[in-house]
Amino acid sequence: MSDLFSVKGRVALVTGATSGIGAMAATALAGAGARVYLVGRDAESCASTAEALPGSVPLPGDVSTLAGIDAVAAEFGRHEKRLHLLVNNAGTLRDAPLDDVSEAEWDDVVDLNLKAPFFLAQRLLPALRAGATPEDPAAVVNVGSVGGLRVGPRPTYSYAASKAGLHHLTRSLAKRLAPEHVTVNAIAPGFFPSRLAPADSPEVQRAIASSVPRGRAGNGDDIGGVLLFLASRAGAFVTGTVLPVDGGMSL
Ligand SMILES: NC(=O)c1ccc[n+]([C@@H]2O[C@H](COP(=O)([O-])OP(=O)(O)OC[C@H]3O[C@@H](n4cnc5c(N)ncnc54)[C@H](OP(=O)(O)O)[C@@H]3O)[C@@H](O)[C@H]2O)c1
């Protein structure tokens, strides 16, 4: 029981690890003794985040293209043969009225939010297989969104579609990879203060108070708690789920 929730010594790769939810995930994993590879486009942010998190390694890259994903996977492979946890977190959002949505904006969002998690899982699968055992599976955790569970107030067509797609992709991959001892789950966060979702304005504070039954935004422990569960032996029999981490916002 004592090591049921342990990720000590496990190897993790977190995309979008330099800000917001990805930084919360990386902090929780590194704090619990995992070796965490930190992916983001800005090399300086990757380096400064790694400096603050003992046991983490900067791995700068852009995962919005297949070429970028291949470069990240190749660099990871120069360091490690085994991967125990892939956190597909990097994501972006555009909101624009229906009549104004452009193809370029649509593609930016869907490429990063939906295409990247699929091809990262595909390209890193040999390392995930190498890190998996029947008792202690390797894990993929996709960061979806409450916006993929129900239609929210903002016009975020590409974002909502990409996140709903990611939730269903999670189920498809979970079914396919379960016999290979790789679990695939998604978390669906509600409000978390970040660059993408600044929470300091009075307007956002009011929205949080009125739409989140728990009455607050999420924090690093809320992300760390679910991630340590899904990434450790404690979550070994849990796969294909989409777990809202939203203080009840999606109810
Ligand atoms: N915050 C919320 O309330 C909330 C709610 C629901 C779901 N989510 C989801 O949570 C995830 C993280 O969001 P966040 O709010 O924490 O965002 P954030 O603060 O904007 O952080 C995004 C991270 O992704 C990195 N990134 C962006 N584009 C990238 C690319 N092409 N390749 C590699 N890294 C890239 C950024 O670093 P660089 O800019 O240096 O690349 C940064 O580290 C997203 O998938 C988002 O949809 C967030």
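A polar contact is a pair of N or O atoms within 3.5 Å. The model used in these exercises is predicted.

**Exercise 1. The ligand and its polar neighbours**

Solution: 
- Step 1. Tyr159 places a polar side-chain atom 2.7 Å from an oxygen atom of the ligand.
- Step 2. Turn to the area. Taken alone, the ligand exposes 880 Å², and the protein buries 94% of that.
- Step 3. Name the elements. Helix 1 (20-31) and helix 5 (157-177) are the ones that give two or more residues to the shell around the ligand.

**Exercise 2. The make-up of the shell**

Task: State how many residues of the shell around the ligand are nonpolar, polar and charged, and which residues come nearest.

Solution: 
- Step 1. Take the total. There are 30 residues around the ligand.
- Step 2. Divide them by type. Twelve are nonpolar, 13 are polar and five are charged.
- Step 3. Pick out the nearest. These are Thr18, Ser19, Asn89, Tyr159 and Ser194.
- Step 4. Link back to the first exercise. Tyr159, one of the nearest residues, is also the one with a polar side-chain atom 2.7 Å from a ligand oxygen.

**Exercise 3. The largest nonpolar core**

Task: Describe the largest nonpolar core by its residues and by the elements that give two or more residues to it.

Solution: 
- Step 1. Count the members. The core holds 32 residues.
- Step 2. Find the best connected. Leu13, Val63, Phe76, Leu83, Leu86 and Leu124 touch the most other members.
- Step 3. List the contributing elements. Strand 1 (11-15), strand 2 (35-39), strand 5 (138-143) and strand 6 (182-189) each give two or more residues, as do helix 3 (66-79), helix 4 (103-131) and helix 5.
- Step 4. Find the largest share. Helix 4 supplies it, with eight residues.
- Step 5. Look beyond this core. Another core lies apart from it, with 28 residues, among them Ala50, Leu53, Val87 and Val226.

**Exercise 4. Leu83**

Task: Decide whether Leu83 is buried or exposed, and trace its contacts.

Solution: 
- Step 1. Leu83 sits in the loop between helix 3 and strand 4 (85-88).
- Step 2. Check accessibility. The value for Leu83 is 0%, so the residue counts as buried.
- Step 3. Trace the contacts. Not counting residues up to four places away in sequence, Leu83 touches Val11, Ala12, Leu13, Phe76, Leu124, Ala127, Leu128, Gly131 and Ala138.
- Step 4. Compare sequence with space. Leu83 and Ala132 are 49 residues apart in sequence, and their C-alpha atoms are 8.2 Å apart.

**Exercise 5. Thr170**

Task: Find the backbone oxygen that the side chain of Thr170 reaches.

Solution: 
- Step 1. Thr170 belongs to helix 5.
- Step 2. Check accessibility. Thr170 counts as buried because its relative accessibility is 0%.
- Step 3. Follow the side chain. It reaches the backbone oxygen of Leu166 at 2.7 Å.
- Step 4. Leaving aside neighbours within four places in sequence, Thr170 is in contact with Asn142, Val184, Asn185, Ala186, Gly240 and Thr241.

**Exercise 6. Glu180 and His181**

Task: State which side chains are joined to that of Glu180 by a polar contact, and what the phi value of His181 is.

Solution: 
- Step 1. Glu180 is in the loop between helix 5 and strand 6. His181 is in the loop between helix 5 and strand 6 as well.
- Step 2. Check accessibility. Glu180 is at 22% and therefore counts as partly exposed. His181, at 32%, also counts as partly exposed.
- Step 3. Find the polar contacts. One of 2.4 Å joins the side chains of Glu180 and Arg129. Another, of 2.7 Å, joins those of Glu180 and Arg176.
- Step 4. Not counting residues up to four places away in sequence, Glu180 touches Arg129 and Ala132.
- Step 5. Phi of His181 is near 65°, a positive value in a residue other than glycine.

How values were computed:
Residues are numbered from 1 along each chain as its sequence is written. This is a predicted model: local features need pLDDT of at least 70, side-chain atom pairs count only at pLDDT 80 or more; totals for chains, interfaces and linings use all residues. Side-chain values use heavy atoms; hydrogens and water are left out. A residue is near a molecule or strand if one of its heavy atoms lies within 4 Å of it. A polar contact is a pair of N or O atoms within 3.5 Å; within protein, one must be able to donate a hydrogen and the other to accept it, and residues adjacent in sequence count only if both atoms are side-chain atoms. Accessible areas come from the Shrake-Rupley method with a 1.4 Å probe; for residues, only the protein chains shown count as cover. Helices (H or I, at least four residues) and strands (E, at least two) are DSSP runs, numbered from the N terminus. Ala, Val, Leu, Ile, Met, Phe, Trp, Tyr, Cys and Pro count as nonpolar, Asp, Glu, Lys and Arg as charged, and the others, Gly among them, as polar. A nonpolar core is a set of buried Ala, Val, Leu, Ile, Met, Phe, Trp, Tyr and Cys residues joined through side-chain atoms within 4.5 Å. Buried means under 20% relative accessible area, exposed over 50%, partly exposed in between (1.4 Å probe, protein chains only). Contact means heavy atoms within 4.5 Å.
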